[in-house]
Amino acid sequence: MTTTLTRTPFADAWLRDLWTPRLADPARNEGPVPAADVYRDGEDLVARLDLPGVNPAEDVTVEVEGRKLVVRGERKDQRPEESEGRRISEVRFGAFRRVVTLPKAVDGDAVTASYDAGVLTVTVAGVFAGTTPQRIEVTSA
């Protein structure tokens with residue numbers, strides 16, 4: 001048996017949007033979106049965001065808004081201005097916001113955040129507690 005995968009514009013866009021961080025949208029006054037790795041660790045949700053060059057004490061805010069974990073902040077451009085020559089910069093500066101939808105609402109006490117080597121790790125304790133899937137029997141007519 002041979003399986004052939006075909007690419008469609010819809011599938012390409014869906015996969016791109018699912019796996020690729022969105023870039024800034026000037027029309028909506030948005031900044032860069034940091035790359036994130038969000039996964040389940042037992043009953044906890046762990047979100048790791050790449051935030052190199054950010055001062056977490058002054059420039060990052062972690063909040064819980066209902067069923068949303070919101071990380072926002074700003075990466076400030078601290079480089080001196082150059083008057084001569086060209087400069088190529090692929091580093092994005094400005095305000096950012098990243099939202100992770102939680103399976104259920106949690107208290108702020110369940111959330112911890114730490115910053116090490118340019119990576120912000122946010123843990124939401126117990127958010128998956130009691131969410132084990134139930135198997136439903138399928139009957140034939």
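A residue is called buried when its relative accessible area is under 20%, exposed when that area is over 50%, and partly exposed in between, with a 1.4 Å probe and protein chains only. By this criterion, buried residues make up 21% of the 141 residues in the chain. The structure is a predicted model, in which local features need pLDDT of at least 70 and side-chain atom pairs count only at pLDDT 80 or more, whereas totals for chains, interfaces and linings use all residues. Residues are numbered from 1 along each chain as its sequence is written, and side-chain values use heavy atoms, with hydrogens and water left out.

The chain contains two helices and seven strands, where helices (H or I, at least four residues) and strands (E, at least two) are DSSP runs numbered from the N terminus. Along the sequence these elements follow the pattern α-β-β-α-β-β-β-β-β. When contact is taken to mean heavy atoms within 4.5 Å, residues 24 or more positions apart account for 54% of the contacts in the chain with a separation of 6 or more.

Strands of a sheet pair through backbone hydrogen bonds, either parallel or antiparallel; here, two strands are taken to pair if DSSP finds at least two bridges between them. S1 is joined by six bridges to the antiparallel strand S2 (residues 44-50), and Arg40 has Leu45 in S2 as its bridge partner.

Another open sheet, of three strands, has the order S3-S4-S5, again with antiparallel pairing. Its edges are formed by strand S3 (60-65) and S5, each of which has a single partner strand, so one side of each is left without a neighbour in the sheet. S3 and S4 pair over six bridges, with Val70 in S4 as the bridge partner of Glu63, while S4 and S5 pair over eight bridges, with Arg75 standing opposite Gly94 in S5. In the hairpin of S3 and S4, which has two residues between the strands, Gly66 takes a positive phi near 65 degrees.

In soluble globular proteins, nonpolar side chains tend to be buried together. A nonpolar core is defined as a set of buried Ala, Val, Leu, Ile, Met, Phe, Trp, Tyr and Cys residues joined through side-chain atoms within 4.5 Å. The largest such core has 18 residues, and those with the most contacts inside it are Leu45, Leu69 and Val124. The elements that give two or more residues to this core are S2, strand S4 (68-75), strand S5 (94-101) and strand S7 (119-124). Not counting residues up to four places away in sequence, Leu45 touches several residues, including Val38, Val100, Val124 and Phe128.

Leu51 lies in the loop between S2 and helix H2 (56-59) and is buried, with a relative accessible area of 4%. Among the residues that Leu51 touches, not counting those up to four places away in sequence, are Pro34, Phe96 and Leu120.
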